[in-house]
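Here are my notes for you. Please keep the structure open as you read.

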Amino acid sequence: MVVTRLRGRGTFAGEILAIAPNGKVVEITGISIHRVVNGKLVEHWANADLLGFMQQLGALPAPAEVAG
């Protein structure tokens, strides 16, 4: 098994899924898991924080802040 944690960051400067750009810096994180047998990739799983990404784009409301 090979596990990779991913993080991408960039400026929202072009339309994504009909969402107008806002110029904000956004970030997305994820993880990929690969299973290798005899030097060959035989399975791959991946997951990314799409909810957080869509909230950063402004397509979904961000969660309410917790009062401390």
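**Notes on one strand residue and the salt bridges**

1. V25 counts as exposed, because its relative accessibility is 56% and exposed means over 50%. Bear in mind that this is a predicted model.

2. Where does V25 sit? V25 is found in strand β2, which covers residues 25–37. Leaving aside neighbours within four places in sequence, V25 is in contact with R9, G10, T11 and Q56. G14 is 11 residues from V25 in sequence, and the two are 12 Å apart in space, C-alpha to C-alpha.

3. Now the charged pairs. Side chains of opposite charge can pair when their charged atoms come close. How many salt bridges are there by this rule? The count comes to 3.

4. Take E27 and R7. Their side chains meet in a salt bridge, at 3.7 Å from N to O. E27 lies in strand β2 and R7 in strand β1 (residues 2–11), so this pair ties together parts that are 20 residues apart in sequence.

5. E27 also forms a salt bridge with R9, and here the closest N and O atoms are 3.1 Å apart. R9 lies in strand β1 and E27 in strand β2, so the pair ties together parts 18 residues apart in sequence.

6. E27 is partly exposed, at 26% relative accessibility. R7 is exposed, at 54%. R9 is exposed, at 55%.

7. R35 and E43 form another salt bridge, with the closest N and O atoms 2.5 Å apart. R35 counts as partly exposed at 30% relative accessibility. E43 is partly exposed at 29%.

Definitions and conventions:
Residues numbered from 1 in each chain as written. Predicted model: local features only at pLDDT ≥ 70, side-chain atom pairs only at ≥ 80, totals over all residues. Heavy atoms only, no water. Helix = DSSP H or I, 4+ residues; strand = E, 2+ residues; numbered from the N terminus. Buried < 20%, exposed > 50% of the residue type's maximum accessible area, 1.4 Å probe, protein only. Contact = heavy atoms within 4.5 Å. Salt bridge = Lys/Arg side-chain N within 4 Å of Asp/Glu carboxyl O.
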